[in-house]
Amino acid sequence: DDGTPLGSSRSTECRIDLIAQAWSVLSGAAPIDQQARAMASAEARLFDESAGLIRLLDPPLVHAHPNAGYIQAYPPGVRENGGQYSHAAVWALMAQAELATSQPDAHDRGDIAYRYFTYLSPAHRAAHPVHGVAYGIEPYVVAGDVYSQPPYVGRGGWSWYTGAAAWLHRGAVESIFGLRLGAQQLSFTPCLPSHWPQAELTLVRGGHRWRFILIRASAQAALAATAQWDAQLLRIAEALPWPSLTTDACFVVPLLAEPAP
């Protein structure tokens with residue numbers, strides 16, 4: 001209320017916050033070099049590889065004055081107070097994918113985005129030989145948060161968190177698969193991890209089913225690989241007017257650029 005900064009490089013607590021870093025990218029408000037710096041800082045300061053966590057903020061709020069209120073009421077490392085908060089972690093996933101597709105030379109960001117997905121996916125976390133033991137909650141519903149401080153590092157918090165589940169679904173479909181679905185057109189700008197040679201998505205609209213195959217190949221090779229399904233070529237970011245598609249169809253999206261003539 002008095003204008004004192006909450007969360008800055010000069011603070012002893014909450015020196016960095018994931019939401020501000022991610023939305024510098026998603027909003028487009030920051031220049032591209034600052035976007036990259038913001039996400040590099042998030043990776044360096046908020047990412048815990050050993051626990052498979054992306055913290056919301058760090059360090060947690062304990063002694064901040066004036067009191068930060070609701071967030072500071074949680075113990076350190078729980079929910080918004082420095083835990084892995086699923087909503088914001090999905091936004092970080094989406095921001096990494098956005099940087100990857102806007103910077104062709106950022107070849108590893110697809111792997112970063114997918115790594116973030118595995119930390120958020122309850123199936124991946126529960127199946128992990130180390131993280132799964134600590135997680136301790138259902139492997140089939142999204143947790144609102146995961147604790148980040150001893151003695152409960154990696155413990156799942158508030159599960160059946162439907163808002164976060166919806167965001168994670170968007171992160172998978174829109175950011176990793178890259179589907180942009182509008183009222184009249186759709187397109188794909190995918191950000192697949194490097195170990196995926198191919199991926200598929202089926203879209204159902206108006207009683208029709210359209211199959212989209214994303215494949216690491218040139219256009220010619222992609223068409224040859226999908227000829228048995230009579231696939232039509234759809235290039236990255238090419239607009240497809242889907243309301244005019246009245247029959248079921250298959251499309252192939254080649255992920256390798258054609259060599260220069």
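Biologist: What makes the crossing of helix 1 and helix 2 left-handed?

Modeller: In this predicted model, the crossing is left-handed, a word used if the near helix is turned anticlockwise from the far one by less than a right angle, with clockwise giving right-handed. Helices here are DSSP runs of H or I with at least four residues, strands are runs of E with at least two, and both are numbered from the N terminus.

Biologist: What makes strand 9 and strand 11 edge strands?

Modeller: The open sheet has 4 strands in the order 9-10-12-11, with mixed pairing. Strand 9 (198-205) and strand 11 (232-233) each have a single partner strand, so one side of each lacks a neighbour in the sheet.

Biologist: How do you know that strand 11 is joined to strand 12?

Modeller: Pairing takes at least two DSSP bridges, and 2 bridges join these parallel strands. Q232, for one, has F251 in strand 12 as its bridge partner.

Biologist: What makes up the lining of the second largest pocket?

Modeller: Lining residues have an atom within 4 Å of a pocket point; there are 18, with T4, P5, L6, H65 and P66 nearest the centre. They divide into 6 nonpolar, 8 polar and 4 charged, where Asp, Glu, Lys and Arg count as charged.

Biologist: Which residues count in all this?

Modeller: Local features need pLDDT of at least 70, side-chain atom pairs count only at 80 or more, and totals for chains, interfaces and linings use all residues. Numbering starts from 1 along each chain as its sequence is written, and side-chain values use heavy atoms, leaving out hydrogens and water.

How values were computed:
1 Å grid on protein atoms, 1.4 Å probe; cavity = no way out; pocket = protein on both sides within 12 Å on 5 of 7 lines; lining within 4 Å.
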